[in-house]
Amino acid sequence: MRFAGLFTGRRAPKTERLAGFQGMLNIRGIEIEETFAEAFPLACARVILTAEHPRLVQSAAAAATGNASSVIGCDAEAGVDRLLQPDETPDGRPGASLLFFGYSRPALEQSLVSRIGQGILPCPTTAAYNGLPVDPEKCLQVGSRIRFFGDGWQSSKLLEKRRFWRVPVMDGEFVVEEAFGSGKGVAGGNLILQGTSREITLQAAENAADAMTSVPGVILPFAHGIVRAGSKVGSRYPNLKASTNQAFCPSLRGQVVSELHPRAAVAYELVVDGLDLESVRQSMRLGMDAAAIPGIVRIGAGNYGGKLGPFLIHLKDLVGEGP
Amino acid sequence: MLTLTRLKSHPVPLESECIRPDTLSSLDNSAISRLTVWHGKNKAELGEFFAVTGCASDGELVLKGDCSRVKLAGSGMTAGLLKVEGPIGMHTGTGMRGGIIRVEGDADDWLGAEMFGGTIVVTGNAGHHVGAAYRGALRGMRGGEIIILGSAGDELGSTMRRGLIVVAGDTGVFPGINLLAGTVVVLGRPGVRPGAAMRRGSMVFPHYRPELLPTFRCAGPLDSVFPALYFRHLEKMEKRLELGQGFKLKPWNQLTRHSGDHVTLGKGEILCPA
C-alpha cells in the first residue's frame with residue numbers, strides 16, 4: 001500500500017501526513033478518498049440500432065438517447081454503449097448498441113416506445129432490434145406498440161422465436177422487434193475528480209470518460225460523459241428534487257462547509273450506469289486509473305450515506321483490485 | 001441411438017405413427033418391437049417390419065432401409081432427432097411440435113403437413129403438399145421450419161399459417177396457394193401461379209421471376225432489411241443444420257415487391273427480381 005504525500009514531491013501538511021500514515025490510498029501519488037459510490041438498481045434495456053451508413057446510425061442514436069442524462073429530470077438515462085460492425089448486427093449493416101435505464105419496467109417501456117418511435121423510426125433506413133435476452137414475463141412490448149404507426153399496413157415475421165414488425169414508411173420499411181428484454185441494471189456509479197485547474201481537471205475527466213466507456217455494457221449518460229453540476233438530494237425550495245451540491249462548489253468556499261481539497265480549484269463528476277455491478281466497478285476502476293494525472297489532487301465519489309442504494313462501491317476496494 | 005432397419009420393402013403402406021424419438025426414448029427394445037402399426041388394413045407389430053437395435057434413451061432414432069412406403073414417421077413428435085437414411089413415405093412429420101427430422105433421401109407427399117414447430121430437413125426431393133393443410137382443414141403449417149435441398153411438388157405450403165419453408169430447387173404448380181401467413185423461400189424456379197389466393201405472408205423467389213397472376217400488383221423495388229434478415233437466418237441455418245453443398249446459398253440482389261392476391265385480402269407479397 002502506498003501513502004499520499006510520499007509521491008507528491010512536496011512536504012504535506014501535518015494533517016495530511018497523519019491521514020496518509022493512517023492509510024490514505026493513492027494512485028501514482030493522487031489521493032484516493034476513502035469513500036464509496038452509492039449505486040442503485042434501475043430497469044435496463046439494450047437496443048441494437050442499424051442503418052445504411054454509420055452517419056445515419058450516429059444521428060439516430062443521438063436522437064434516441066437525447067435528453068436522457070438522469071432519471072431525476074428525464075424519463076430515462078440513456079447512451080451509446082458502443083458502435084457495432086456490420087458482422088455484429090442482425091441485418092449486416094453498421095449499427096450501435098444503445099443502453100436505456102428507467103425507474104421501472106413500465107416506465108422504461110414507455111420511454112423506449114417514445115424514443116424509438118420519435119428518434120429512430122423517422123431517421124432514414126434505420127431498424128431497431130432487441131439486445132438482451134427476453135424473459136416473456138419481464139419483456140418490454142415495444143415493437144408491438146410502435147407497429148400501430150403502420151395503420152393496418154404493418155406486417156410481422158417470426159424468426160427464431162423473435163417477432164419483427166415491418167412498418168411501411170416513405171423510404172421503404174421500418175423493422176422493429178416486437179419484444180425487448182429487460183434486466184436489472186446498476187445506475188449511479190460515480191467518481192468525483194478534484195484538480196488544481198479547470199484545464200487539468202477537464203483533461204483528467206476526459207481521460208477517465210474514455211476509459212470508462214471502453215467497458216462493454218456501460219454508459220456515461222451525461223453530455224461528454226462529464227458532469228459539472230453535481231447535485232444533492234432536495235433543496236430549500238420545496239418543489240425541487242435535487243439542487244447544486246454546494247460542498248463541491250469552489251466559489252462558495254468560506255460560505256459553506258466545503259468538501260473540496262484545499263488545493264482544488266475545480267471538481268468534475270463522472271456518472272456511470274451499467275448492465276451489472278461488475279461492469280460499473282470495472283468502469284470506475286479504469287476511470288480512476290486514467291484520471292490520476294499530475295494536477296489532480298483527490299479522486300472521490302458521491303454517496304448519500306448508504307441510504308439510497310444497495311450497491312456501495314468502495315474506492316479502496318477498486319484500488320486494491322488493480323487495473 | 002436407436003436404429004430401426006427395414007427388413008424388406010413392401011408395396012403396401014405401413015402406417016407407423018409410433019416411430020418418433022420422443023416416445024420411443026422411454027421404452028426398451030422389446031417394447032418398441034411390440035408397438036402397433038397398420039400394414040394396409042391389418043394390425044401388426046413394429047418388430048415384424050423393422051430390426052430394432054441400439055438404445056433409444058438419448059432421443060436419437062435412425063431409420064434405415066427402404067422406408068418409401070412408411071407413412072407418418074415422426075408425426076406429432078415434440079423432441080429428439082429422427083434421421084432417415086433413405087427415402088421416406090407420406091405424412092412424415094405431420095403435426096410435429098419440436099425436434100428435428102432429417103431425411104437423407106426423398107420424402108413423399110404431405111411432408112410436415114399442419115406441423116406446429118421443429119425442423120425438417122430433406123436432402124433429396126419432396127412430394128406435393130409440403131407443410132399444407134389437409135383437405136377441409138382451415139390452416140396448414142403453423143410453425144417450424146422445413147428445408148428441402150432438392151425440389152418440391154405441387155401446392156407447396158398450401159394454406160400455411162406460420163413458419164418457414166425453404167426449397168433450394170424448383171417447385172411444382174401453385175406454390176403458396178391460399179397462403180394465410182408465413183414465409184416461403186424458393187431458391188430455384190417456382191412453379192406457375194405462385195401465391196394464388198394468398199391473404200398474407202411472403203413468398204421470396206430471389207433468383208427467378210415467375211409469371212405472376214394478374215391479381216398481383218407491382219409495388220416496385222423493396223427497400224427493407226427484411227430480406228437481409230432472412231438471408232442471414234438461412235446462412236446460420238446452413239451452418240447449424242450442416243446443409244453443405246446442396247444448399248448453394250447465393251447473394252440476393254434487389255427484389256421487387258408484388259402485393260396480392262387481390263382476389264382475397266391482398267396483404268401478401270411476392271418478392272422476386274424485377
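**Exercise 1.** State which residues of helix H3 (residues 105-120) of chain A are buried.

*Solution.* Take buried as under 20% relative accessible area with a 1.4 Å probe, protein chains only. Helices are DSSP runs of H or I with at least four residues, and strands are E runs of at least two, numbered from the N terminus. In H3 of chain A, the buried residues are A:Leu108, A:Glu109, A:Ser111, A:Leu112, A:Val113, A:Arg115, A:Ile116, A:Gly117, A:Gly119 and A:Ile120. Then look at the start of H3(A): a side-chain oxygen of A:Ser104 comes to within 3.2 Å of the backbone nitrogen of A:Ala107.

The model is predicted; local features need pLDDT of at least 70, side-chain atom pairs count only at pLDDT 80 or more, and totals for chains, interfaces and linings use all residues. Residues are numbered from 1 along each chain as its sequence is written, chains are lettered from A and ligands numbered from 1 in the order written, and side-chain values use heavy atoms, without hydrogens and water.

**Exercise 2.** Describe the overall form of chain B.

*Solution.* Chain B has three helices and 17 strands. Its radius of gyration, taken over C-alpha atoms, is 19 Å, close to the 19 Å from the globule rule (2.2 Å times the number of residues to the power 0.38) for 274 residues, so chain B is as compact as a globular protein of that length. Along the principal axes, the C-alpha trace of chain B spans about 60 × 35 × 25 Å. Finally, 57% of the 274 residues in chain B are buried.

Key:
Buried means under 20% relative accessible area, exposed over 50%, partly exposed in between (1.4 Å probe, protein chains only). A polar contact is a pair of N or O atoms within 3.5 Å; within protein, one must be able to donate a hydrogen and the other to accept it, and residues adjacent in sequence count only if both atoms are side-chain atoms.
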